[in-house]
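The following note collects points on the model shown below.

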Number of protein chains: 2
Amino acid sequence: MVPDDDGAFAPATEDAPSSSGFLDDGKNTIGSQLASRLREAIISGELQAGSKINLDKARKTFNVSLSPLREGLARLISDGLVEFEDNRGYRVSPISLANLEEITTLREEFEVFALRESMRLGDVEWEGNVMRALHRLNRTERDAARPETLERWEELHREFHLTLISGCGKPILLHFCRLLLNLNDRYRRVFLTRTSGDRNVSQEHSEIAQGAVARDLDYSCDMLRQHIHRTGTNLRKHLATKGIL
Amino acid sequence: MVPDDDGAFAPATEDAPSSSGFLDDGKNTIGSQLASRLREAIISGELQAGSKINLDKARKTFNVSLSPLREGLARLISDGLVEFEDNRGYRVSPISLANLEEITTLREEFEVFALRESMRLGDVEWEGNVMRALHRLNRTERDAARPETLERWEELHREFHLTLISGCGKPILLHFCRLLLNLNDRYRRVFLTRTSGDRNVSQEHSEIAQGAVARDLDYSCDMLRQHIHRTGTNLRKHLATKGIL
DNA sequence: CCTTGACAGATAATCGATTATTTTGATAGT
DNA sequence: ACTATCAAAATAATCGATTATCTGTCAAGG
């Protein structure tokens with residue numbers, strides 16, 4: 001018997017760390033694979049926000065049948081990246097200033113709460129994971145000229161933020177945070193190819209992580225909140241610049 | 001009748017006040033209808049927590065084909081009521097002490113936050129809705145001997161809590177709260193047929209609502225937090241009594 | 001005994017075709 | 001011109017059958 005399953009919202013077995021992939025990495029069914037491909041397509045902006053998803057075209061594009069296509073789309077609904085209406089089909093969730101602002105606010109609220117809980121409850125392994133995630137992130141160059149570096153950086157950045165709060169022992173909360181991070185990343189991927197000049201993001205991450213493993217609750221939480229807030233502000237500016245309502 | 005969740009994080013399509021329902025209330029496709037029936041079956045405990053959902057049996061029970069069945073189940077995954085694993089199928093999300101405790105904690109955190117935002121941002125219409133929801137709830141008898149009254153009460157209770165926070169102007173947050181309320185209601189439906197003797201729940205609701213429309217932020221939030229906390233404590237006791245691990 | 005592997009039955013995933021619903025576009029009446 | 005109406009086309013939903021995967025059982029070999 002497995003000791004404990006994590007109730008609702010299990011950690012969604014994320015992609016295996018490329019290196020030691022002897023454990024079957026999920027992604028078995030066509031539906032799953034589609035979900036991944038579509039998720040990437042949406043977050044990267046390849047599929048435009050707000051646009052309708054025509055099932056027939058999608059079916060041909062991906063060379064699959066309706067069933068797995070719907071299956072995949074259904075998962076993206078859980079992720080908040082796709083919306084659905086009976087008899088009207090699916091569409092990519094629209095973006096808006098209000099939506100971005102809500103995401104930022106909720107991240108400040110929940111991610112910070114989750115960090116606090118992690119610091120309160122996290123064990124040594126959690127600390128180790130945080131430091132590793134930080135190191136890997138800071139060692140990765142982010143060159144706007146080479147898209148593949150951006151993609152890699154995004155992945156590690158996401159991983160860092162999730163690791164930071166992974167010690168909180170609250171699967172549902174983690175699920176919510178993962179969701180918000182997804183939603184947020186779409187804005188960054190689409191609107192921010194480079195960091196604003198007046199920020200040293202690496203250092204921000206370091207400060208948060210150092211504070212976290214040192215269990216300096218107030219400091220670390222405050223840093224994280226500011227980090228999230230700054231990103232939100234930057235994104236808002238870029239959204240305005242590129243003329244989104 | 002409260003229309004069930006609108007798929008993704010839709011901008012809070014205002015629920016039609018039960019009376020004037022001349023507008024087609026959704027529930028069009030078989031998939032949607034199934035989702036509702038299954039949701040009710042799970043929350044009411046008819047489908048036991050943790051149990052496997054055999055597609056073939058379910059297909060026969062409900063007299064439908066696989067496609068809409070999967071469709072319906074997919075929505076319950078978004079609701080956190082069903083879990084899924086590739087090639088292993090679906091199962092009703094298990095319950096546990098840890099799960100209940102997390103739900104309670106998160107409700108205290110999120111729902112209170114949403115209430116505060118509602119008081120900060122809600123307009124007069126919101127106030128009216130709150131008072132109406134309170135009135136309807138308090139006017140409804142809850143008789144453990146007659147299950148239909150319990151069901152009705154649950155519906156109005158859920159409606160009250162959602163209305164209370166409906167003024168916050170944050171669709172994603174509302175979605176999260178609705179989800180948590182769903183998960184929480186399952187515990188209450190299964191384990192609490194009557195209110196603990198030392199509580200006057202009607203009065204608790206009244207105090208919260210009165211404070212809310214009076215914009216007494218600290219008071220109302222405090223009352224709500226205690227309200228949620230007490231329910232959590234009661235449920236925990238009953239869980240223990242009935243011998244759940 | 002315990003492990004390993006192969007078979008068979010159960011179950012989930014997918015497909016191609018069919019049915020239902022919505023949208024579009026043309027036509028007739030005011 | 002403007003709206004209403006209806007048929008045709010586009011699109012979504014569903015079905016029944018087929019294929020793929022998993023799970024349990026049992027026999028052979030260690």
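1. In chain A, Arg188(A) and Asp185(A) both belong to helix α7 (residues 171-191), where they stand three residues apart, about one turn of the helix; helices are DSSP runs of H or I of at least four residues, strands are E runs of at least two, and both are numbered from the N terminus. Their side chains form a salt bridge at 2.8 Å, N to O, the term denoting a side-chain nitrogen of Lys or Arg within 4 Å of a carboxyl oxygen of Asp or Glu. Arg188(A) is buried at 5% relative accessibility, and Asp185(A) is buried at 5% as well (buried: under 20% relative accessible area; exposed: over 50%; partly exposed: in between; 1.4 Å probe, protein chains only).

2. This is a predicted model, in which local features need pLDDT of at least 70 and side-chain atom pairs count only at pLDDT 80 or more, whereas totals for chains, interfaces and linings use all residues. Residues are numbered from 1 along each chain as its sequence is written, chains are lettered from A and ligands numbered from 1 in the order in which they are written, and side-chain values use heavy atoms, with hydrogens and water left out.

3. Two further salt bridges may be set side by side. Glu204(B) and Arg199(B) meet at 2.8 Å, N to O; Glu204(B) is buried at 9% relative accessibility, and Arg199(B) is buried at 14%. Asp143(A) pairs with Arg146(A), with the closest N and O atoms 3.5 Å apart; here Asp143(A) is partly exposed at 29%, and Arg146(A) is partly exposed at 40%. Over all chains, the search finds 42 salt bridges.

4. Chain A contains nine helices and three strands, in the order α-β-α-α-β-β-α-α-α-α-α-α from the N terminus. Of its 245 residues, 46% are buried.

5. At the interface, 37 residues of chain B are in contact with 38 residues of chain A (contact: heavy atoms within 4.5 Å). The buried area is about 2,900 Å², with carbon and sulfur atoms giving 65%; this is the accessible area (1.4 Å probe) that the two parts lose on being put together, summed over both.

6. Four salt bridges are counted between chain B and chain A. The side chains of Arg70(B) and Glu71(A) meet in a salt bridge at 2.8 Å, N to O. On the side of chain B that touches chain A, the elements giving two or more residues are α3 (66-78), β2 (82-85), α4 (97-121) and α7 (171-191) of chain B. The largest share, eight residues, comes from α4(B).
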